[in-house]
Amino acid sequence: MLQVLHMGIHVAQLMGYEEIVNSIDLVTANSARTLHIEDRYGIEAGKPANFIVLGAENEYEAIRKQTIVRYAFRNGKKIAETKPSETHINLNTKKEITFTR
C-alpha cells in the first residue's frame, strides 16, 4: 500500500511535509472507514490486534523510503518478521549507509 500511496502523493501533488505525513491516513484509518470496519480498527482492548510495524522513525520516512514491514501481527500473534538489510559503500573506507537524514 505504501507504493500506491507514494504514487497518489505525486498525482495529487501533495508537496508539504504535513500533507505527506497526513496522507498515511488514506491507507489506515480512512481505509477502515471505507470498509465499514472502524469498530475493529485501532489499538484498544477487545479489538483483533491485526497490525504491522514499519521499519521507519515516522510516517514521512516510511513513505519516503518505501520502508519494509518489520513485523506483521494477526490476532495479537506475530506471523512474520523481516530483518533489515545493510547497505555499505566502499571508497577509501567501508561506511554503512542508512538513508536517514
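Contact here means heavy atoms within 4.5 Å. By that criterion, and not counting residues up to four places away in sequence, Ile 24 touches Leu 2, Leu 5, Glu 59 and Ile 63. The structure is a predicted model, in which local features need pLDDT of at least 70 and side-chain atom pairs count only at pLDDT 80 or more, while totals for chains, interfaces and linings use all residues. Residues are numbered from 1 along each chain as its sequence is written, and side-chain values use heavy atoms, with hydrogens and water left out.

The mean pLDDT (the predictor's confidence in each residue, from 0 to 100) is 85 for the protein, and 99% of its residues reach 70 or more. Helices (H or I, at least four residues) and strands (E, at least two) are DSSP runs, numbered from the N terminus. Among these elements, helix H3 (residues 29-34) has the lowest confidence, with a mean of 80, and E3 has the highest, at 96.

Turning to the interior, a nonpolar core is a set of buried Ala, Val, Leu, Ile, Met, Phe, Trp, Tyr and Cys residues joined through side-chain atoms within 4.5 Å. Buried means under 20% relative accessible area, exposed over 50%, and partly exposed in between (1.4 Å probe, protein chains only). The largest such core has eight residues, namely Leu 2, Leu 5, Ile 9, Ile 20, Val 21, Ile 24, Tyr 60 and Ile 63. Helix H1 (2-11), helix H2 (17-22) and helix H4 (59-65) are the elements that give two or more residues to this core. H1 supplies the largest share, three residues.

Thr 67 sits in the loop between H4 and strand E2 (69-74). Thr 67 has a relative accessible area of 12% and is therefore buried. Leaving aside neighbours within four places in sequence, Thr 67 is in contact with Leu 2, Leu 54, Gly 55, Ala 56 and Ala 62.

Aromatic rings come next. Rings of Phe, Tyr and Trp (its six-membered ring) pair if their centres lie within 6.5 Å; planes under 30 degrees apart count as stacked, over 60 as edge-to-face and the rest as tilted. The structure holds two aromatic pairs. In one of them, the rings of Tyr 17 and Tyr 60 have their centres 4.8 Å apart and their planes at 40°, so this pair is tilted. The Tyr pair links distant parts of the chain, with Tyr 17 in helix H2 and Tyr 60 in helix H4, 43 residues apart. Tyr 17 is partly exposed, at a relative accessible area of 45%. The rings of Phe 51 and Phe 73 have centres 4.6 Å apart and planes at 10°, so that pair is stacked. Phe 51 in strand E1 (residues 51-54) and Phe 73 in strand E2 are 22 residues apart, and their pair likewise links distant parts of the chain. Phe 51 counts as partly exposed, at 36% relative accessibility.

For the strands, two of them pair if DSSP finds at least two bridges between them. Strand E4 (residues 87-90) and strand E5 (residues 94-97) pair in the antiparallel sense over four bridges. Three residues lie between E4 and E5 in the hairpin that they form. Lys 95 in E5 is the bridge partner of Ile 89. Elsewhere, Gly 76 lies in the loop between E2 and strand E3 (77-81). Gly 76 is partly exposed, with a relative accessible area of 43%. Setting aside neighbours within four places in sequence, Gly 76 is in contact with Pro 48 and Ala 49.

Charged side chains complete the picture. A salt bridge is a side-chain nitrogen of Lys or Arg within 4 Å of a carboxyl oxygen of Asp or Glu, and a search of the whole structure finds four. One of them joins Arg 64 and Glu 61 (2.9 Å, N to O). Both residues lie in helix H4, three residues apart, about one turn of the helix. Arg 64 is partly exposed, with a relative accessible area of 32%, whereas Glu 61 counts as buried at 9% relative accessibility. Lys 47 and Glu 44 also meet through their side chains in a salt bridge (3.7 Å, N to O). Lys 83 forms another with Glu 81, the closest N and O atoms being 3.5 Å apart. Salt bridges that share partners join Lys 78, Glu 81 and Lys 83 into one network.
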